[in-house]
Amino acid sequence: MFELFSGLDAWLALSLALALLFVLTFEFINGFHDTANAVATVIYTKAMPPNLAVIMSGIFNFLGVLLGGVGVAYAIVHLLPVELLINVNTSRGLIMVFSLLAAAITWNLGTWYFGIPASSSHTLIGSILGVGLANALLTDIPLGDGVNWQKAMDIGLSLIFSPIAGFVVAALLFLALKYWMPTPKVHSTPVLRKETKGKNKPPFWNRLVLIVSAMAVSFVHGSNDGQKGIGLIMLVLIGIVPAKFVLDLNTTTYQIERTRDAAIHLGEFYQRNSPTLNEFLALGKSANTELPRQFRCDPKLTEPTISALLRTLDGVTDYRTLSEEARIDIRRYLLCLDDSAKKVGKLPELSARDKADLDKLRKDLTATTEYAPFWVILAVALALGIGTMVGWKRVVKTVGEKIGKQGMTYAQGMSAQITAACAIGLANVYSLPVSTTHVLSSGVAGTMVANRSGLQGSTISNILLAWVLTLPTSMALAAGLFYVSTLIFG
């Protein structure tokens with residue numbers, strides 16, 4: 001890890017250290033902000049003592065980050081337009097990262113202070129969108145091209161529908177438990193059980209399910225939310241020390257060969273489908289076109305980009321043997337080819353089989369650019385895991401007592417947690433970031449409605465207000481910081 005500071009000017013090394021600290025601070029805050037939701041039900045229902053619950057949750061969050069991969073990380077990164085990712089320079093990269101992180105941290109701390117279960121995912125995504133739009137204004141790019149809107153829509157839909165699904169599924173699961181397990185002990189609150197049985201802990205099997213589901217929520221939370229920090233750190237490293245991180249320098253000769261083969265097969269794929277793609281890609285019309293040093297990814301430059309990539313990779317068996325400039329060029333070529341292939345894959349003229357082949361080629365193309373060193377994953381895992389053990393009380397009380405007009409029962413806790421674990425786990429499979437906060441809170445609300453317990457209007461209105469305001473507020477904060485900072489320092 002420390003070798004990345006070698007050879008850097010003092011100010012650049014300090015900037016890098018501060019940027020990494022900002023990212024890890026965001027993940028630490030994310031830990032005690034979001035993960036309180038993972039332990040809220042298990043603490044409130046007395047299934048586990050608070051100290052043990054947060055320690056175990058921290059451990060499972062840590063494991064979730066370590067084992068979760070990087071799919072969600074790069075889904076977040078690719079919210080930025082590919083032009084900003086390939087042409088970012090050191091000053092612009094620093095301003096971009098500091099702006100979006102400062103905005104996200106400010107909003108997260110504010111909502112945590114007031115005990116409002118707001119979404120760190122919404123906050124971060126809003127900050128990234130704000131930076132992308134501000135960059136478009138500063139560089140005269142059309143606002144429609146300032147953000148990867150297709151990716152933004154995919155993520156936005158997952159953030160919108162996941163709490164709705166959480167509400168409905170948790171309610172149905174609760175009703176199923178009420179039908180198959182109508183015994184009062186399953187549907188008691190800790191307070192009521194204490195009054196009638198003299199003990200407030202749930203029955204053994206309910207307690208076991210609550211504990212297992214809470215740890216499952218913690219694990220999937222780590223594997224989903226932790227990846228956001230990984231993606232941010234990779235943005236920092238690529239923007240400040242590109243020579244060492246634009247490509248995975250540990251890539252094997254075999255993986256480099258797969259990248260080269262993917263480029264060759266991509267060209268052959270386009271030729272096979274030339275009647276359909278000829279106009280979109282300008283096939284056969286741009287073979288002698290020179291690529292400019294700084295360029296936007298134009299599908300009509302696909303053929304010269306493939307040729308340039310193959311020339312640069314010719315005879316290469318180890319990325320370390322390449323110059324810094326060649327490494328940056330390879331990354332630019334790969335990202336542009338992937339971006340164009342993604343656009344081709346959306347054309348209605350292609351068959352489902354061709355689209356599947358194209359998706360496989362894209363994975364091979366980006367295998368050596370979409371990665372994270374182990375120390376990055378470990379640092380984020382530690383920050384998130386430790387953050388879990390701090391500051392959980394505010395949100396636990398909101399989830400347990402302030403969503404419904406009555407306290408949460410054991411059955412309601414089980415229904416909400418099982419739903420949250422399954423929903424977030426499914427999102428991980430499709431590399432989509434979702435909000436643990438929204439899924440769990442909506443799940444609890446769903447069980448309250450299904451139980452006819454009623455909802456507390458003030459709490460629900462606060463949660464909905466935070467849900468509505470988080471995106472535009474974080475966008476505005478990040479855009480303003482990025483715009484002003486670029487004018488001053490850029």
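This report looks at aromatic ring pairs and at one pair of packed helices in a predicted model.

## Aromatic pairs

Let's begin with the rings. A pair of aromatic rings is described by the distance of the centres and the angle of the planes. The count of aromatic pairs here comes to four. One of them joins Tyr-179 and Trp-180, with 5.5 Å from centre to centre and 80 degrees between the planes, an edge-to-face arrangement. Both residues of this pair, Tyr-179 and Trp-180, are exposed.

Phe-269 and Tyr-270 also pair up: their ring centres are 5.9 Å apart. Their planes stand at 70 degrees, and angles over 60 count as edge-to-face, so this pair is edge-to-face. Phe-269 has 0% relative accessibility and therefore counts as buried. Tyr-270 counts as buried because its relative accessibility is 2%, and the cut-off for buried is under 20%.

## Two packed helices

Now to the helices. Two packed helices are described by the angle between their axes and the distance between the axes. Helix α14 covers residues 302-313 and helix α15 covers residues 324-345. They pack at an angle of about 145 degrees, and their axes are 10 Å apart. The crossing of α14 past α15 is left-handed.

Which residues make the contact? From α14 come Thr-302, Thr-305, Ile-306, Ala-308, Leu-309, Thr-312 and Leu-313. On the α15 side, the contact is made by Ala-326, Ile-330, Tyr-333, Leu-334, Leu-337 and Ser-340. Sorted by class, the contact of α14 with α15 has nine nonpolar residues, four polar ones and no charged ones.

Technical notes. Residues are numbered from 1 along each chain as its sequence is written. This is a predicted model: local features need pLDDT of at least 70, side-chain atom pairs count only at pLDDT 80 or more; totals for chains, interfaces and linings use all residues. Side-chain values use heavy atoms; hydrogens and water are left out. Rings of Phe, Tyr and Trp (its six-membered ring) pair if their centres lie within 6.5 Å; planes under 30 degrees apart count as stacked, over 60 as edge-to-face and the rest as tilted. Buried means under 20% relative accessible area, exposed over 50%, partly exposed in between (1.4 Å probe, protein chains only). Axes are lines fitted to C-alpha atoms, for helices over the stretch in contact, and angles run from 0 to 180 degrees between N-to-C directions. Helices (H or I, at least four residues) and strands (E, at least two) are DSSP runs, numbered from the N terminus. A crossing is left-handed if the near helix is turned anticlockwise from the far one by less than a right angle, and right-handed if clockwise. Contact means heavy atoms within 4.5 Å. Ala, Val, Leu, Ile, Met, Phe, Trp, Tyr, Cys and Pro count as nonpolar, Asp, Glu, Lys and Arg as charged, and the others, Gly among them, as polar.
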